[in-house]
Amino acid sequence: MSDKILFAGPWVGEFGWELFCWHAYVRTLSKFYDKTICVSGEHSRFLYEDFCDHYIDFTPDGGEYRDSYYKVGFDITKDLMYDLLAKSQVEPKQSKVTIFAPRRIGNPPRTHFTESFRFGHHDIVPMYKKYGMPKEKFKDFIVLHARHRLHVRPSDNWPEKN
């Protein structure tokens with residue numbers, strides 16, 4: 001009997017979107033498969049390590065991970081998917097591979113970090129990694145995600161001097 005494999009990615013967009021609108025959906029989907037292969041930039045490996053069986057570092061040709069999702073001409077082609085699948089050392093003919101590729105709009109949703117959607121026969125609700133710190137330790141804890149957009153609304157960027 002062949003393994004059921006989830007191949008998720010490549011994610012090549014902004015880290016904030018990956019954090020709140022991608023990796024948690026992949027984590028949920030992984031529970032329905034024997035193995036999970038994830039593809040994203042080297043900076044994001046930690047998001048997937050608790051559930052991913054094989055991780056592939058990926059940076060698209062001609063771009064950095066943080067802005068390449070928005071570049072005109074970048075497309076997730078079948079050839080790219082087969083190249084990445086080959087790197088995972090999975091033999092597609094001996095396994096049932098399901099490809100879950102990010103969409104610019106749609107699946108998974110991009111409107112709210114808890115929104116559910118349907119993928120195949122599954123209703124997916126994002127499951128986020130919990131780090132185990134007691135709530136009382138977060139009293140004075142602040143996380144800043146200062147974006148650095150080059151091509152889409154650079155006016156959204158926090159000034160570097162800050």
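Buried means under 20% relative accessible area, exposed over 50%, and partly exposed in between, with a 1.4 Å probe and protein chains only. The model is predicted: local features need pLDDT of at least 70, side-chain atom pairs count only at pLDDT 80 or more, and totals for chains, interfaces and linings use all residues. Residues are numbered from 1 along each chain as its sequence is written, and side-chain values use heavy atoms, with hydrogens and water left out.

Select Trp22 to begin. Trp22 is buried, at 1% relative accessibility.

Now show the rings. The structure holds 7 aromatic pairs (rings of Phe, Tyr and Trp, the last by its six-membered ring, with centres within 6.5 Å; planes under 30 degrees apart are stacked, over 60 edge-to-face, the rest tilted). Trp11 and Trp22 form a stacked pair, 5.7 Å centre to centre with 25° between the planes. Trp11 is in the loop between strand S1 (4–8) and helix H1 (15–21), and Trp22 in the loop between H1 and helix H2 (23–30). Helices (H or I, at least four residues) and strands (E, at least two) are DSSP runs, numbered from the N terminus.

Next, select S1, where 4 of 5 residues are buried. Strands pair if DSSP finds at least two bridges between them. S1 runs parallel to strand S4 (residues 96–100), joined by 5 bridges; Ile5 has Val97 as its bridge partner there. S1 also pairs with strand S2 (residues 35–40), in the parallel sense over 4 bridges, and Ile5 stands opposite Lys35 in S2.
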